[in-house]
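Morning, everyone. Please have a look at the structure on the screen, and I will walk you through it.

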Amino acid sequence: MKVGVNVRATVQATVQATVQATVQLDPHNLLSVRFSERYGSHYGAAQQSRRVFVEGGGVLRHDSPRVLEVGFGLGLNWRTTLEALDGDALDYHAYEAYPLSAAELAGVAPGERHPLWLALLDGWDAAVMAGHLDLAHGAQRLRIDFIDATTAPLPRVWAHAVYLDGFSPARNPELWTPDFLARLASSLAPGGRLATYSAAGHVRRGLMAAGLTVERCHGLVGKREFLVAHKQ
Ligand SMILES: C[S@@+](CC[C@H](N)C(=O)[O-])C[C@H]1O[C@@H](n2cnc3c(N)ncnc32)[C@H](O)[C@@H]1O
């Protein structure tokens with residue numbers, strides 16, 4: 001099947017295409033020097049990604065799920081979602097303010113051969129410069145805006161699942177304010193779910209104040225609870 005790379009030529013003024021300094025922690029994980037925090041969970045990043053985001057977000061309940069992610073990072077949540085869907089349709093829209101380089105991404109998933117991942121690596125550096133990546137492979141679509149999500153125009157009443165995967169509220173507070181949580185709630189379609197690994201009290205209260213019904217869920221061994229917030 002044909003893979004198309006469509007890179008918008010206009011450089012957006014708001015793009016922060018800063019190549020982020022990282023430290024390699026293990027073959028699949030990096031530490032962000034900017035945020036002094038690791039990208040993936042300490043407790044089996046791929047399993048946590050599946051448990052918190054794919055299952056928590058209820059993605060497999062939809063025939064053609066629409067996912068909005070805050071913090072594309074290493075692309076692990078996206079790759080985990082693709083794997084869980086096993087070729088089924090997916091419309092995935094992510095935001096990333098401080099993109100890594102294609103070389104860093106290639107390094108964390110050397111065995112990954114999904115055509116969209118290979119196309120992403122090919123088009124990545126040019127797309128970061130352009131501020132926008134748009135890929136399609138059959139019924140699977142990926143769009144990434146390289147922009148600060150807190151100032152981005154988010155889609156309204158669109159997502160079946162929102163993955164809120166910034167760095168921790170202590171290190172990356174702008175992604176966890178009541179204001180931003182309310183904007184994410186507005187992105188959810190009725191019946192949609194917002195999933196996040198943080199179970200902090202102020203995050204839970206912010207989601208409730210945004211009109212969502214918040215459920216505390218159990219993480220995998222060694223990991224605290226995480227939150228799933230439902231929109232009626
Ligand atoms: C924990 S990492 C995300 C890991 C990623 N979801 C994955 O599956 O590999 C957090 C990400 O949020 C990004 N980020 C932090 N602040 C942001 C903002 N204001 N807007 C968009 N992205 C942001 C960071 O650059 C980083 O890539």
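Predicted model: local features only at pLDDT ≥ 70, side-chain atom pairs only at ≥ 80, totals over all residues.

The protein has six helices and twelve strands. There are 232 residues, and 41% of them count as buried. Now take the contacts in the protein with a separation of 6 or more. Residues 24 or more positions apart account for 70% of these.

Let's turn to the helices. Find α1, residues 45-55, and α2, residues 76-85. How do they pack? The angle between them is about 75 degrees, and their axes are 9 Å apart. That angle makes α1 roughly perpendicular to α2. Angles from 65 to 115 degrees count as roughly perpendicular, so this pair falls under that heading. Why give both numbers? Two packed helices are described by the angle between their axes and the distance between the axes.

Which residues meet there? On the α1 side we have A45, A46, S49, R50, F53 and V54. On the α2 side we have L76, N77, T80, T81 and A84. Sort that contact by class, and you get six nonpolar, four polar and one charged residues.

Stay on α1 a moment. Its buried residues are A45, Q48, S49, R51, V52, F53 and V54. What do they pack against? Helix α2 is on the list, and so are the strands β3, β9, β10 and β12.

Next, helix α6, residues 201-209. Which of its residues are buried? They are V203, R204, G206 and L207. These four cover an arc of only 160 degrees around the axis, so they sit on the same side of α6. Here is the general idea behind that. An α-helix has 3.6 residues a turn, so residues three or four places apart point the same way. What covers this side of α6? The cover for its buried residues includes α5, β10, β11 and β12. Then look just past the end of the helix. G211 takes a positive phi of about 90 degrees there.

That brings us to backbone angles. Most residues other than glycine have a negative phi. Two residues here are worth a stop. S36 is not a glycine, yet its phi is positive, at about 50 degrees. Where is S36? In the loop between β3 and β4. S36 has 10 C-beta neighbours inside 10 Å, so it counts as exposed. The cut-off for exposed is 12 or fewer. The second one is D86. D86 is not a glycine either, and has a positive phi of about 50 degrees. You will find D86 in the loop between α2 and β6.

One more loop residue: P153. This one lies between β8 and β9. P153 is exposed too, with 8 other C-beta atoms within 10 Å. Now follow the chain to R183, 30 residues apart from P153. The C-alpha atoms of P153 and R183 are separated by 9.5 Å.

Now the strands. Start with E69 in β5, residues 66-70. Buried or exposed? E69 is buried, with 25 other C-beta atoms within 10 Å. Buried needs 20 or more, so E69 qualifies. What does E69 contact, leaving aside neighbours within four places in sequence? The list is N77, W78, Y92, A94, Y163 and D165. E69 and I144 are 75 residues apart in sequence, but 9.1 Å apart in space, C-alpha to C-alpha.

Then V162, in strand β9. V162 is buried, with 28 other C-beta atoms within 10 Å. Not counting residues up to four places away in sequence, V162 touches L68, L184, S187, L188 and L194. And check A195, which is 33 residues from V162 along the chain. Their C-alpha atoms are separated by 6.2 Å.

Last stop, the ligand. How many residues surround the ligand? There are 22, and the closest are G71, G73, L74, L76 and A97. What is the shell like by class? It has eleven nonpolar, seven polar and four charged residues.

That is the tour. Thank you.

Key. Residues numbered from 1 in each chain as written. Helix = DSSP H or I, 4+ residues; strand = E, 2+ residues; numbered from the N terminus. Arc of directions from axis to C-beta. Contact = placed C-beta atoms within 7 Å. Near = placed C-beta within 6 Å. Nonpolar A, V, L, I, M, F, W, Y, C, P; charged D, E, K, R; others polar. Axes fitted to C-alpha atoms, helices over the stretch in contact; angles between N-to-C directions. Parallel < 35°, antiparallel > 145°, perpendicular 65-115°, else oblique.
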